[in-house]
Amino acid sequence: MTEFTCASNPSDAASGGESHVDCSEVIAEVWTLLDGECTPETRNKLRQHLEKCPECLRHYGLEERIKALIAAKCRGEKAPDHLRERLRMEIRRTTIIRGQQLF
Ligand SMILES: [Zn+2]
């Protein structure tokens, strides 16, 4: 049975002390970044999630690109067009895969 999930440690979920940010929420935040808004909250949420759940974005092959996007955005720069395009395509593909439950 193959589930397309990226919970870093499912057996640990019951303890539920820290606020867990869902992976799909993080992907949604990346969309916000792509559209040009970088709030401190968004940045911190993404950074923290990347630190706690590296499997998630590495699995999608997005980790490095999202880090580059955050770095550029948080220096107040526009993300380079090619980076935006690639991220859009890859996030859309990821979203479609998750939405259709192909796996
Ligand atoms: Zn994750």
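# Helix packing in a predicted model

For residues 23–56, UniProt lists "domain: Putative zinc-finger" in an unreviewed entry. The structure discussed here is a predicted model. Within it, the span of residues 23–56 is 82% helix and 0% strand, and its end C-alpha atoms lie 7 Å apart.

**Confidence**

- The protein has a mean pLDDT of 73, with 69% of its residues at 70 or more.
- Confidence is highest in helix H2 (residues 40–52), at a mean of 85, and lowest in helix H3 (residues 54–60), at 72.
- Residues 8–17 have a pLDDT below 50, and this stretch makes 3 contacts in the model beyond near neighbours in sequence.

**H1 against H2**

- The axes of H1 and H2 cross at roughly 135 degrees and come within 10 Å.
- The handedness of the H1 and H2 crossing is left-handed.
- On the H1 side, the residues involved are Cys 23, Glu 25, Val 26, Glu 29, Val 30 and Leu 33, which meet Thr 42, Lys 45, Leu 46 and His 49 of H2.
- By class, this contact of H1 with H2 comprises 5 nonpolar, 2 polar and 3 charged residues.

**H1 against H4**

- Helix H1 (residues 23–34) and helix H4 (residues 63–74) have axes that come within 11 Å and cross at roughly 45 degrees.
- This angle makes H1 oblique to H4.
- H1 passes H4 in a left-handed crossing.
- Val 30, Leu 33 and Leu 34 of H1 make the contact with Ile 66, Leu 69, Ile 70 and Lys 73 of H4.
- The residues of the contact of H1 with H4 comprise 6 nonpolar, no polar and 1 charged.

**H2 against H4**

- H2 packs with H4 at an angle of about 150 degrees, and the two axes are 11 Å apart.
- H2 and H4 are therefore roughly antiparallel to each other, the cut-off for that description being over 145 degrees.
- Their crossing is left-handed.
- From H2, Arg 43, Leu 46, Arg 47 and Leu 50 take part in the contact, and from H4, Glu 63, Ile 66, Lys 67, Ile 70 and Cys 74.
- The contact of H2 with H4 holds 5 nonpolar, no polar and 4 charged residues.

- In H1, Val 30 and Leu 33 take part in the contact with H2 and in the contact with H4.
- In H2, Leu 46 belongs to the contact with H1 and to the contact with H4.
- In H4, Ile 66 and Ile 70 belong to the contact with H1 and to the contact with H2.

Key:
Residues numbered from 1 in each chain as written. Predicted model: local features only at pLDDT ≥ 70, side-chain atom pairs only at ≥ 80, totals over all residues. Heavy atoms only, no water. Axes fitted to C-alpha atoms, helices over the stretch in contact; angles between N-to-C directions. Helix = DSSP H or I, 4+ residues; strand = E, 2+ residues; numbered from the N terminus. Parallel < 35°, antiparallel > 145°, perpendicular 65-115°, else oblique. Left-handed = near helix turned anticlockwise from the far one by under 90°. Contact = heavy atoms within 4.5 Å. Nonpolar A, V, L, I, M, F, W, Y, C, P; charged D, E, K, R; others polar. pLDDT = per-residue confidence, 0-100. UniProt positions renumbered as here; feature names shortened; annotations may be inferred.
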